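Hello,

Here is the structure I said I would pass on. Please have a look at it first, then read my notes below.

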Amino acid sequence: MNGSAPRTAPAEPTTDHPTAAGGTTDVDYLKSLHRRRPFGAWFKDKGWRHVVGVVVTIFAIFPLLYVLSAALNSTGTLVGSNALFSKIDFGNFAALFNIPSRPFARWFLNTLVVGGVTSVATVFLGAMAAYAFSRMRFTGRRVGLLSLLLLQMFPQLLAVVAIFLLLSGISEVIPALGLGSQLGLIMVYLGGALGVNTYLMYGFFNTVPQSLDEAAKIDGASHTQIFFGIIMRLVTPILAVVGLLTYISISGEFVIASVVLTDPDSQTLAVGLYSFVAQQRSENWGVFAAGAVISALPVMALFLFLQRYIVSGLTAGSVKG
C-alpha cells in the first residue's frame, strides 16, 4: 500500500543445469553432452566426411608415391616398384642428365621458356580484352562474348591437322613461325588459351566497381592509365590464377607440341620424356619417372607461390558475369 512493488520470493535453484548443481561451467556442460553423443549419430552427421576425405586423399597421393618410388629405384621397371621404397638410390636421376641423345636439361629449359612466355602473354592479352569487354560498350560486344563462350566448347586438339597445315605453309614464308619453332608453338598456345581465360578474367573485372574508373576519368586519367594504374592492381588474384593454369596446361601438353616441335633440341619435357618409353623393347620407366618428378617441381613452386590468390580468383571470376 506504500506504492512499492510487491516483493517476490527468490527462485529456487534448479538442478537441471550442471552449473547450479555441480558448480561446472557451460563449456564443461557442452563437453559432457558431446561425450555422451552416440557414435552412430556423430558418424551420420560428420564422421562420414572424414572417411570420404581420407579415401580421396589416399586415392590422390598413391600414384604420386608410386612414381616417386619408381624414380628412386634404378632397376628400370615399374614392376620392381610394387614394394614402395624397397630400394632407394639416385641412379635414375644421374642417368637422366647423362644421355647425349636425350638432352633433359635442354627440354627443361625449353618448357620454362615456352610456358613462361605463353603464361605472361596470355595474362597480358587476356586482361586487355577482358577490360575492353567489361568497361567499354561497342558494336559486336555481345557477339564477341558469345563467341568466346562458344570457343570454349571445342578443344584445341580438334584443330591439330589444321595447325600442322597452317604452320607448314607459314614455314615456307617465315621459318621462325613455322614447324619446328618454339615461337610458332607459343602462338598456337596463345590462340587456344585466350578464349577461356578472357572470359574468366571478364567475370572478375566486373567485380571491380566502375566508380573507380569514373573518379579517375574526372581527374583526367585515360583508359591506359586506368588499366595499368588501377585495374591491374585490383585484379591480381585472377591474373595469378590464369598464369598458373596456363603454365600447368602447357607444361603437360603433348599432342600439339609433338606435332609442331620436330627437333629434339627444341622439344619440351612432355615430348622429350615420351622418348624414354616410346620404344617397345627399350622402355626405361625409372628414368621416365625421375624426369616426371623433376618436371613437377616448377609447377609445385609456382602453385605454392600463388596459392593465396587461387581461391579468391577462381570464385570471384566464376560467379560474376
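Which side chains meet in a salt bridge? They are those of Arg-135 and Asp-213, with 2.8 Å from N to O. Keep in mind that this is a predicted model. A search of the whole structure finds one salt bridge. Arg-135 lies in helix H5 (residues 104–135) and Asp-213 in helix H9 (residues 211–218), so the pair ties together parts 78 residues apart in sequence. Arg-135 and Asp-213 are both buried.

Next, Ser-181. You will find Ser-181 in the loop between helix H7 (160–173) and helix H8 (182–205). Is Ser-181 buried or exposed? Its relative accessibility is 9%, so Ser-181 counts as buried, since buried means under 20%. A polar atom of its side chain lies 2.7 Å from the backbone oxygen of Gly-178. Leaving aside residues up to four places away in sequence, Ser-181 touches Pro-175, Ala-176, Val-260 and Leu-261.

Last, the cavity. The whole structure was searched, and one cavity of 30 Å³ or more turned up. The largest cavity holds about 40 Å³ of space. Its lining includes Thr-111, Val-114, Gly-115, Leu-185 and Tyr-189. Ile-250, Ser-251, Glu-253 and Thr-268 line the largest cavity too. H5, H8 and helix H11 (236–251) each give two or more residues to that lining. Which element gives the most? That is H5, with three residues. By class, the lining has four nonpolar, four polar and one charged residues.

Best wishes

Technical notes. Residues numbered from 1 in each chain as written. Predicted model: local features only at pLDDT ≥ 70, side-chain atom pairs only at ≥ 80, totals over all residues. Heavy atoms only, no water. Salt bridge = Lys/Arg side-chain N within 4 Å of Asp/Glu carboxyl O. Helix = DSSP H or I, 4+ residues; strand = E, 2+ residues; numbered from the N terminus. Buried < 20%, exposed > 50% of the residue type's maximum accessible area, 1.4 Å probe, protein only. Polar contact = N/O pair within 3.5 Å; in protein donor to acceptor, adjacent residues only side chain to side chain. Contact = heavy atoms within 4.5 Å. 1 Å grid on protein atoms, 1.4 Å probe; cavity = no way out; pocket = protein on both sides within 12 Å on 5 of 7 lines; lining within 4 Å. Points joined across faces, edges and corners; volume = space filled by probe spheres on them. Nonpolar A, V, L, I, M, F, W, Y, C, P; charged D, E, K, R; others polar.
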